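I opened a new page to keep track of what I look up, beginning with the ligand and then turning to the aromatic rings.

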Amino acid sequence: MPIVAPSLLFADFLHLEKDCQLLNESEAEWFHLDVMDGRFVPNISFGPMIVECIRKTTKKICDVHLMIVEPEKYAEAFKNAGADHLTVHIETCTHLHRNIQQIKSLGMKAGVAINPHTSVSELSEIIRDIEQVILMSVNPGFGGQKFIPHTMGKIRQLRKLIHETGSKALIEIDGGVTVDNASEIVNAGADVLVAGNAVFKSADPKKAISQLKHS
Ligand code: DX5
Ligand code: ZN
């Protein structure tokens with residue numbers, strides 16, 4: 001069964017505690033927290049302060065997805081805010097190995113995210129050093145976009161790379177995941193499903209999470 005990681009991007013920020021409680025009572029294992037800087041992506045979301053607030057409401061894993069330039073400047077702040085996992089984008093890191101070492105030395109699990117145009121082969125020299133890969137199945141910056149179909153082939157390629165290298169990295173799919181396409185994504189080899197719109201715009205978010213979990 002996949003791990004379900006609802007994205008808080010669609011939560012009700014006026015009543016954030018209420019939505020966090022809802023996720024606490026659900027089958028979701030991770031909280032996926034999307035940090036956007038208005039530079040790497042054309043949108044701004046939230047920073048460590050909000051992560052710290054969310055941390056206080058849950059014992060579940062806080063999976064922080066950094067869509068920011070110069071992530072090395074903020075890794076410690078996110079650790080202090082309570083992040084368990086920190087994922088950086090390959091497209092923003094000139095010295096990716098150094099970024100990963102920094103995240104691990106701070107005591108977090110490290111991930112690398114790749115955009116739809118970035119090839120899976122770019123991960124070949126870092127895959128053994130990381131705990132997860134976020135394969136972006138939309139262009140990052142906004143929730144509620146449509147799943148890009150060619151991601152399916154990338155999931156299979158990544159599964160092969162992980163197998164060949166003996167890496168323990170989890171494959172996390174981020175963007176456009178729905179209760180309708182989830183089983184196909186899991187069958188292709190995904191371990192973690194991120195879902196924003198599919199959970200928070202649903203009439204019954206807990207049921208949607210359960211459907212994703214059992215897909
Ligand atoms: C996109 C974010 C995603 C997004 C997921 O930039 O990284 O996590 O919020 O939202 P949905 O599931 O609606 O595509
Ligand atoms: Zn994300």
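Before reading any contacts, I noted that a polar contact is a pair of N or O atoms within 3.5 Å. I also noted that this is a predicted model.

Entry one, contacts of the ligand. I looked up Asp34 and found that one of its polar side-chain atoms lies 2.7 Å from an oxygen atom of ligand 1. For His32, I found a polar side-chain atom 3.4 Å from an oxygen atom of ligand 1, and for Gly196 a backbone N or O atom 2.8 Å from an oxygen atom of the ligand. I then checked the cover, and the protein hides 99% of the 380 Å² of accessible area that ligand 1 has on its own.

Entry two, the surroundings. I found that ligand 1 sits in the largest pocket, and that 21 residues are around it, of which Asp34, Gly141, Gly144, Asp174 and Gly196 come nearest. Sorting this shell by type, I have nine nonpolar, ten polar and two charged residues. Which strand gives the largest share of the shell? I found that it is strand 2, with three residues, while strand 2 (30-36), strand 3 (61-67) and strand 8 (192-195) each supply at least two.

Entry three, aromatic rings. I found one aromatic pair in the structure, formed by Phe13 and Phe46, which is tilted, with 5.8 Å centre to centre and 40° between the planes. Phe13 lies in the loop between strand 1 (3-6) and helix 1 (16-24), and Phe46 in the loop between strand 2 and helix 2 (48-57), so I wrote that the pair ties together parts 33 residues apart in sequence.

Terms used
Residues are numbered from 1 along each chain as its sequence is written. Chains are lettered from A and ligands numbered from 1 in the order in which they are written. This is a predicted model: local features need pLDDT of at least 70, side-chain atom pairs count only at pLDDT 80 or more; totals for chains, interfaces and linings use all residues. Side-chain values use heavy atoms; hydrogens and water are left out. A residue is near a molecule or strand if one of its heavy atoms lies within 4 Å of it. A polar contact is a pair of N or O atoms within 3.5 Å; within protein, one must be able to donate a hydrogen and the other to accept it, and residues adjacent in sequence count only if both atoms are side-chain atoms. Accessible areas come from the Shrake-Rupley method with a 1.4 Å probe; for residues, only the protein chains shown count as cover. On a 1 Å grid over the protein atoms alone, a cavity is a set of points where a 1.4 Å probe fits but cannot get out, and a pocket is an open set with protein on both sides within 12 Å along at least five of seven lines; lining residues have an atom within 4 Å of a point. A molecule sits in a cavity or pocket if more than half of its atoms lie within 2 Å of its grid points. Helices (H or I, at least four residues) and strands (E, at least two) are DSSP runs, numbered from the N terminus. Ala, Val, Leu, Ile, Met, Phe, Trp, Tyr, Cys and Pro count as nonpolar, Asp, Glu, Lys and Arg as charged, and the others, Gly among them, as polar. Rings of Phe, Tyr and Trp (its six-membered ring) pair if their centres lie within 6.5 Å; planes under 30 degrees apart count as stacked, over 60 as edge-to-face and the rest as tilted.
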